[in-house]
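Please look over this structure with me. My notes are set out as numbered points.

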Amino acid sequence: LRFSPSLIIAAFLLLESANIAFLHHNWRDKQEQYFAQQAISLETAYRSSVNMYALATEFVFNQVVNQPDVIDAFRAGINATDEEGKGAARGRLYRLLYPTYSKLKASNLRQFHFHLANGESFLRFHDPAKFGDSLFDIRPSIRLANTLKRPVLGFETGRVLSGFRYVYPIILNGEHLGSMEASVSFRAIRDAMAEIEHSREYAFLLRRDAVVSKLAEDQLSLYGEADLHTSYLVEDPNLKLPDSPPPPSKTVLALNAQLRGLPKVIEGMNAGRTMTVTAELNDKTWAATFLPVRNVEDRQVAYVVAYTEAPFAQTLWRDYLLWLGISSLSLLLVGLLVWRILRYQSELESEKQNLQAVTDTVADGLYAMDETGHLTMVNPAAETLLGFRESEVLGKIGHDIFHSHAVNNNLPKEQCPIYQRVTCAEPFDGEEIFARADGGTLQVEVASRAVLERDRVTGSVTVFRDITQRKKAEAALNEAKAAAETANRMKSEFLANMSHEIRTPMNGIIGLTRVALDGELEPGQRENLEMVSQSAHLLMTIINDILDFSKIEAGHLTVEKIPFRLQRTLDSAIQPLALRAAEKGLELRVEIDSCTPNSLLGDPVRLSQVVTNLIGNAIKFTQQGHILLKVRCLPDATDKLLEFCISDTGAGIPEDKLDSIFEAFSQVDASITRRFGGTGLGLAIVRNLVTLMGGTVSVESTLGVGSTFRFTLHCEAVAESEPQPHNGPVSIKPIGPLHLLLVEDNAVNRRLAVTLLGKAGHRVSVAEDGAEALALLLAKHDFDAVLMDVQMPVMDGMEVTRAVRAHEAIHHGHLPIIAMTANAMAGDRERFLATGMDDYVAKPISVGELFAALNRVICRD
Amino acid sequence: MLLALWTTFPFAACAAPFAFAPLPMEQPETVVKQVKPMLAHLEKSLGNGFRIEFSTDYGDILKKFSEGKVDLAYLGPLPYVALKEKYPQAVPVVHFNEKSGKSTYTCAIVVAGEAMPLSKLKGAKIALTQPLSTCGYLSTDGLLRQSGLNLEQMKYRYLDKHDEVALAVTRGEFDAGGLKTAIGKKYSHMGLSVVAETQPLPGFALIANARTMKPEAIEAIRKSLTALQPLKNTEDAEVTRTWGDNIKYGAVSAKDSDYDVVRRLRARADIPEDGNF
């Protein structure tokens, strides 16, 4: 059933109408029965009363009237030939019966009347002056009694008043003399009825037409219109006559006011029906019962109306209302229940449809099973993925259909991991292989959940997703990653090789140029060689920049955290720059705030690189004026925050370029590169180095006024007394002359080293590769130290070192070995020291660094 | 126009209204209903208004009349005769006709059965109507005296109504009864006989107070009422249609001598209020 409020309301209204109709009919039925009882009761009382007077008048007629002297007087009157005789007889009759008349009058007798056989009035005891008028026309009772010669009893209207007539023919020995009539008023009947049933109040209504047609002139004033109906009259409402009943009580007047105009009353009275109607008065129910009264000609000419309290009618009405209330309420409750059930059903249906729509449209396969694994639902996506129609698989064991196949060796249901989990009310999430209808398989990601009803597993719902594509993508990704990693490794190796390959000849160029410059030269030659030296240094800077940037890009650049002295680091960084500044006529000043700690923990090499880079830039872009480096310590909660500020009076940087100035390969414009040279990597390296060291860098610049670069560094301060292992004071003590073994495969570098060392007074033996070196070392034992190239043919430097150290482990002793290599990549130094070398000098060889290293290893030994 | 109206009604309504005394002991509503139309009619021809002066009994009326507080009274023959004796300014204006058209009537003594000499009634039981009724004690006593008898020799009782007197006699409850001749005859069909009858007597009349009313006004009333012939003229009948039954059948001019017959019947001035058995 579909939930339809209007249908339910309609059904309710229909049932309620039927209910009301039934109960109403039932009530009406009972009420009619009750009314019928009322009417029967009234009619019985009425008939009894009328009959009572019939008996009484019959008694009077037989015992008083139909007596010889009375009949004789009447007969004398009839037979008298003269008026005097008639008068005497009439007088006698009057005299004889007056006592009887008086008594009857006291018993509500209205008329006592003798008529002749021809209908002529002979003597009216109630109106003796009137006589001789013919009565057959207007008094059917008299006509009937005298023509049929039998007593006629009944109600009849008259010339003046109406009454209940009792007419007896007077027959003496077969001679019809006339008739006697006794007539009683309604009051008499009413009193008699009251004797029988005193709880009622009675009224007597006369049909207007029946009264008026017979009424003598001017007598209408004796009548008044009935309250209940305009076509009815009441006799003597003003109580002019002594035998009129008392006026209606206030109750009856009030009831009449209610009943007047009621269609039932009007129509019923028009039709002359017996009926009972009710009215409410003073919280009580009253019944008015209408009993039609027929005249002697059997025409309905009047009504007796009985008013009585009708508590039973009220009870019936209350019962009706009570049952109506109870049944309506019950019906309403049932209706509401049906309403709720249907609405609930409808909501359930709607929810089901929504769920169906979701399961139908979801891209993942979805199926539901009962607790024994029989499929109860399969969504379209599952149909598509597996190739089964839902109708083919419903009711079948899902596992057997698509999860028991060659790939899992036709795994039985009981061992199915999904089934095992969900039957224990545990969730299953995993990857499985499902079989397709076409025999193929499908790699799927499965999520299965038990359906619980009161903690009991009643089934399960499983969602699965085709992950074939994802698996392929994952494989491809892994492959690509591996390839990328290989490529990266190759790049790193390439860079390392390039670095080595470039540095080796650069070592020769720079070193030998230095050697040449140290000798005697023509002024022109010196100038040329100086330029060669400068160019070589510049080239070295460029190569270092590129290598640094490569390392930064590859994430290989690391910063150290070692103790160093700020003053010294800055001095050594600025020294060469001061020379260049002086050459351009620029003033280079360094101002270090007095409260700045000198002994710090950090990476002095990278700090030098940043400062060199920024000051180098300043010198490059400043044509006149000065360059100022200011260092100060900023207050910071955790550790020392140093601020380095390099300002110049150079060209400045346009505002729109300030944001991109730290980007790689970015110079203010391309012309700068042409004018000032440089790779455009300097500032990018600066920013990366500062960031690596936990600081920030920024720039302010005004075009034509100058630029200010600021960077900050977090540096922990350390105690002044801590040793300064690196970059410390290179106090080269006069050592030697030493006997050194130079292991170098490159002839240029070999010559350079031999020249440099020889100039310092040392004796140098040479080996061209590792094997030769090892042979020399094992043969001779008078070497003070070995300067060992690392990358060599036949046997590399590390191999030689390991062999030497191995030998020394057995024969004791320690021969200092200094790596002298173009392997200047990060980590190289540590790698070499780990193999047993004592120190490290990067190519191209700086004379200072070389002798410092020598000094260190010799002094340590 | 206003002036014309003024001159048409010489007795302008500005004069004080005349005081009219109806019969005593009548319900004011009945009086108003029966008398007012006639007074309204008189007002038109008189140009003077009337007010109704109610009284509790005849004595009250006669007293007010003597004191000039009543200008016009509706009185029967006996009260008039009594009034006239004490107050000569009482002037009869009109007698009202009966339904028959007669302005006079007679009283009778009736018996059940055949007529017989009055002398036979000695010591009989006599039914009377009312003490002040002309056909009551007065005429019965007067008629008996003509036969050498008088009521005080008899047993008499007041039955109030003429019809009741007739029926009581018919029933034999009384030997004779005094009543209006017309009513007695109404029961002749029951064997009632008239044994004595008076000369014609004046009926009810309007009596004017000559001390308080000008002769012209009295004459105007007389003319106005005698001019109406309701029993002959339908237009006049329409005028009196709503008047009381005792006054609607027209009137004739009255004079004091009309009452001489009453004075003759009247042997004593004080008529007993109650019967003597």
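The points below cover a sheet and its helices, the cavities and the salt bridges.

1. Basis. This is a predicted model, in which local features need pLDDT of at least 70, side-chain atom pairs count only at pLDDT 80 or more, and totals for chains, interfaces and linings use all residues. Residues are numbered from 1 along each chain as its sequence is written, chains are lettered from A and ligands numbered from 1 in the order in which they are written, and side-chain values use heavy atoms, with hydrogens and water left out.

2. The sheet. Chain B has an open sheet of six strands. Their order is β2-β1-β3-β12-β4-β13, and the pairing is mixed. Strands (E, at least two residues) and helices (H or I, at least four) are DSSP runs, numbered from the N terminus. Two strands pair if DSSP finds at least two bridges between them.

3. Its edges. β2 (50–52) and β13 (251–253) of chain B each have a single partner strand, so one side of each lacks a neighbour in the sheet. From one strand to the next, the twist averages 30 degrees.

4. One strand pair. β3 (residues 72–75) and β12 (residues 205–209) of chain B are antiparallel, with four bridges. Leu72(B) has Ala208(B) as its bridge partner in β12(B).

5. Helices across the sheet. α2 (residues 28–46) of chain B lies across β1 (18–21), β2, β4 (90–96) and β12 of that chain. It runs at about 160 degrees to β2(B). α3 (residues 58–66) of chain B lies across β1, β3, β4 and β12 of chain B, at about 150 degrees to β3(B). Axes are lines fitted to C-alpha atoms, for helices over the stretch in contact (heavy atoms within 4.5 Å). Angles run from 0 to 180 degrees between N-to-C directions.

6. Cavities. The whole structure has five cavities of 30 Å³ or more. A cavity is a set of points on a 1 Å grid where a 1.4 Å probe fits but cannot get out; lining residues have an atom within 4 Å of a point. α12(A) gives the most, with three residues.

7. Salt bridges. How many does the structure hold over all chains? There are 52 (Lys or Arg side-chain nitrogen within 4 Å of an Asp or Glu carboxyl oxygen). One joins Asp72(A) and Arg92(A), at 3.5 Å, N to O. Asp72(A) is in α2 (residues 68–79) of chain A and Arg92(A) in α3 (residues 83–106) of chain A, so the pair ties together parts 20 residues apart in sequence.

Note on methods
On a 1 Å grid over the protein atoms alone, a cavity is a set of points where a 1.4 Å probe fits but cannot get out, and a pocket is an open set with protein on both sides within 12 Å along at least five of seven lines; lining residues have an atom within 4 Å of a point. Grid points are joined across faces, edges and corners, and a volume is the space filled by probe spheres set on the points.
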